[in-house]
Amino acid sequence: MASSTIALSIPALPLNPTATYYNTNGMLQKPEPAPYTPNGGLGTNGSLPRYMVESDFDYESITLGLYQEWIELDLFNNGLATFTEADFIDAGLTAEDMELIRFMAQQESGHATLLTNMLGVTAPPQCTYDYPFSTVREWLDFSQILTRWGESGVWGFINHLDSREVGQLLAQSIATEARQQMSFRQMSGLFPMPVWFETGIPQSWQWTYLAPYISTCPANTTRLAWQNFPALHVVNQANINRFSPNDTANWERTGNRTSDPASSTLPENESCIHLNVTGYGCGAAISRNRSEPLTFPGKKIELLWDAPGQAVGPNNSYVTSTPAGAPAYVAWVSQLNLTYTPLVATSNNSGYTYQPDSEVYQGDPAVNGTMFIALTDSDLFLTPFNLSMINPHVLALGMFQAG
């Protein structure tokens, strides 16, 4: 989309030469600009804040965020319009829970207004969407997955924005999104916050997860510059609706898109939805413990991935692509960790790996919650702040339901 592209990838460089501050005595190192005001900080010099994007990076990032806010606004209202109060009661919820979701939709209206104002006249409008659910449970599961990648996408770019003012307001909106994701987990009978740290992902990852659910957009809607990667499917993805998740059969999803929810139409004697047994029931609750975890370290994970060149997104106007070489690793992106496991290829587009037994800090399993996996051609060392440098090495992207 740009007039030119400087290079195929951004080279890895040493530490920024200005990154030298280190406090050795616990005292202030420089004079204070005002009483009780330590030296340093950005946007603290008294200049009037400007709450507008300040670069192409800002513009494309906030535009992506607005695409996300629009689908959340539509998704929350869609569930309320599609399912009756009796449907919600059968899923273990009440009319009061429906009012909570209705309020969440109102929150999204405010978020969309905020981001639209930051972008100006070229801000994209709301589109139409293609949803993968037919029951309340499936809608709730899809909502917790979608708000997961929505929140993580913002954490991935917020501290790279050129506009600190935009980042400030965005942080205040995404804090609400985090609460929404937790609420949908509780309504799905999942433990509300199973990790110590939330994950940040690159913009192209968020757009890859989001685009397949956008059907059409109005004419002249602003296009996004971010990449669409091929889909990585977890064949034996755990079904959150089973009282014994390890009995999940292959492809127990509502469709073949990477973020499609778990199928809820199980035989009653295999389902945990109406099972009022501690450790096995998964009805809506403030918190649920599972005696049998959804997944575990050492589990064999069967994978299938699409070839590039697939049409996706609004009006099928985007095409999946990857510059990466032959697949060799599976990257597990969760919390603060980027962990690789070897891929064992069984064909040109299938293979398997084993879930890693890694920790963030002692006692905190890195692989937990609703998280992200990628098929890569190398095991490049990266950390949360420069994770986007993995993109040239990614062949396919998927979601992984670990807890």
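Throughout these exercises, contact means heavy atoms within 4.5 Å. The model is a predicted one, in which local features need pLDDT of at least 70 and side-chain atom pairs count only at pLDDT 80 or more, while totals for chains, interfaces and linings use all residues. Residues are numbered from 1 along each chain as its sequence is written, and side-chain values use heavy atoms, with hydrogens and water left out.

**Exercise 1. An exposed loop residue**

Task: Determine where Ile 286 lies and with which residues it is in contact, leaving aside its neighbours within four places in sequence.

Solution. 
Step 1. Ile 286 belongs to the loop between β3 (232-234) and β4 (300-305). Helices (H or I, at least four residues) and strands (E, at least two) are DSSP runs, numbered from the N terminus.
Step 2. Ile 286 counts as exposed, at 72% relative accessibility. Here buried means under 20% relative accessible area, exposed over 50%, and partly exposed in between (1.4 Å probe, protein chains only).
Step 3. Once neighbours within four places in sequence are left aside, Ile 286 is in contact with Gln 186 and Pro 192.

**Exercise 2. A buried loop residue**

Solution. 
Step 1. Ala 211 is placed in the loop between α6 and β2 (214-216).
Step 2. Ala 211 and Gly 313 are 4.2 Å apart in space, C-alpha to C-alpha, although 102 residues apart in sequence.

**Exercise 3. The two domains**

Task: Describe how the chain is divided and what area the domains bury between them.

Solution. 
Step 1. The chain is divided into domain 1 (56-216) and domain 2 (232-401); these bounds come from an automatic or database domain assignment.
Step 2. The centres of domain 1 and domain 2, taken over C-alpha atoms, are separated by 20 Å.
Step 3. Domain 1 gives 49 residues to the contact and domain 2 gives 53 residues.
Step 4. About 4,200 Å² is buried between domain 1 and domain 2, with 61% of it on carbon and sulfur atoms. Buried area is the accessible area (1.4 Å probe) that two parts lose on being put together, summed over both.
Step 5. On the side of domain 1, Arg 137, Trp 205 and Tyr 209 lose the most area to domain 2, together 17% of what that side buries.

**Exercise 4. The nonpolar cores**

Task: Identify which residues touch the most other members of the largest nonpolar core, and explain why this core lies between the domains.

Solution. 
Step 1. A nonpolar core is a set of buried Ala, Val, Leu, Ile, Met, Phe, Trp, Tyr and Cys residues joined through side-chain atoms within 4.5 Å.
Step 2. The largest nonpolar core has 71 residues, of which Trp 205 and Trp 207 touch the most other members.
Step 3. Helix α1 (residues 56-82) supplies the largest share of this core, 11 residues.
Step 4. The core lies between domain 1 (56-216) and domain 2 (232-401) because both give residues to it.
Step 5. Leaving aside neighbours within four places in sequence, the contacts of Trp 205 include Phe 229, Val 333, Phe 372 and Leu 397.
Step 6. A second, separate core has 17 residues, among them Trp 305, Trp 332, Ile 373 and Leu 375.

**Exercise 5. Aromatic pairs**

Task: State how many aromatic pairs the structure holds, and examine Phe 76 with Phe 184 and Tyr 209 with Phe 372.

Solution. 
Step 1. The structure holds 22 aromatic pairs. Rings of Phe, Tyr and Trp (its six-membered ring) pair if their centres lie within 6.5 Å; planes under 30 degrees apart count as stacked, over 60 as edge-to-face and the rest as tilted.
Step 2. Phe 76 and Phe 184 form a tilted pair, 5.2 Å centre to centre with 45 degrees between the planes. Phe 76 lies in helix α1 and Phe 184 in helix α5 (residues 164-187), so this pair ties together parts 108 residues apart in sequence. Both Phe 76 and Phe 184 are buried.
Step 3. Tyr 209 and Phe 372 also form a tilted pair, at 5.6 Å centre to centre and 35 degrees between the planes. This pair links helix α6 (residues 203-210), which holds Tyr 209, with strand β11 (residues 370-376), which holds Phe 372, across 163 residues. Both Tyr 209 and Phe 372 are buried.
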